[in-house]
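Here's a short tour for anyone meeting this structure for the first time. Have a look at the picture, then read on.

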Amino acid sequence: MMRGTGTVICSLWLVLCVEGSTRVKREDCAKVTEDFTKCTHKAYEEYKAVHGAGEDGKPDWMARKSCNYVTAAVEDCGNKLVGECNTEEQVTAMKDRQLKGNLVQLQTSLDEWDSDKCPAVKAHIERMKAAEAKSNDAMDGNDQTGATKDDSEPEADPPAENKEEENNSANSNTLSSFFLILVSLSISIIT
C-alpha cells in the first residue's frame, strides 16, 4: 500500500511540475510579446516625433527616416522575440514577411527610396535572392553541392508539429500582421 502511494505522489508531482513549467513558459512568451509590442509602439512614437520635427536639410530625409523606423520596428524589436518562445529562424521569417509588404509600400510611395541604403531591407532582399536561388537549384535537380537529385540522399519526413509550434506560428502571424499595419499606417501618414 505504501509503495503504491509513493508512486502516485511522484506521478502527481511530475504532472504538476510539467503543467507549471508550461504555464510559466506561456506567461514568459506573453511577456516577450508584450515587450515586443511596447518596443514597436516606442519606435513608432519616435518616428512620429522625428517626422513632426521636420526635415533636417540633408538629402533623402524621408527615405532615411523611414529606414530608421523600419530598422527599429522590424529588426531591433523583432530581435526581442528570439529566445525560448521563438527561434531565430522563425523571427527572421516573420521579419521577411513584414519587410516584403513594407518594401512595396516604401518603393511606391517614396521616390528617393533606395533599398541598398537601408541595411535591414538590403539584408531582407539578399535573403530572398538566396532563397530563390536555392529554390531554382532544387527545381533544376541540383543542391548547393552540385549533386543531382539522383545523387542525393532521400529527404527525411518532416517532423510532426506539436501544439507549442502551432501556437508560436499563430503568434508570429499575429505579430507580422501587426507590423504590416503599423508600418503601412506610418507611411500613409507621412505621404
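## Overall layout

Helices (H or I, at least four residues) and strands (E, at least two) are DSSP runs, numbered from the N terminus. With that in hand, the protein chain reads α-α-α-α-α along its sequence, and the count comes to five helices and zero strands.

A quick note on what you're looking at: this is a predicted model, where local features need pLDDT of at least 70, side-chain atom pairs count only at pLDDT 80 or more, and totals for chains, interfaces and linings use all residues. Residues are numbered from 1 along each chain as its sequence is written, and side-chain values use heavy atoms, with hydrogens and water left out.

How much of the protein chain is buried? Of its 191 residues, 28% are, where buried means under 20% relative accessible area, exposed over 50%, and partly exposed in between (1.4 Å probe, protein chains only). The chain exposes about 12700 Å², with carbon and sulfur atoms supplying 56% of that; accessible areas come from the Shrake-Rupley method with a 1.4 Å probe, and for residues, only the protein chains shown count as cover.

Contact means heavy atoms within 4.5 Å. Among contacts in the protein chain with a separation of 6 or more, 70% are between residues 24 or more positions apart.

## The nonpolar cores

A nonpolar core is a set of buried Ala, Val, Leu, Ile, Met, Phe, Trp, Tyr and Cys residues joined through side-chain atoms within 4.5 Å. The largest one has 19 residues, and Tyr-69, Val-70, Trp-113 and Val-121 touch the most other members.

Helix 3 has 22 residues, so at 1.5 Å a residue it should span 32 Å; its end C-alpha atoms are 31 Å apart, which agrees. The expected span is 1.5 Å times one less than the number of residues. Buried residues in helix 3 include Val-91, Met-94, Leu-99 and Leu-103.

Over in helix 1 you'll find Ala-30, which is partly exposed, with a relative accessible area of 45%. Ala-30 and Cys-85 are 55 residues apart in sequence, and their C-alpha atoms are 9.1 Å apart in space.
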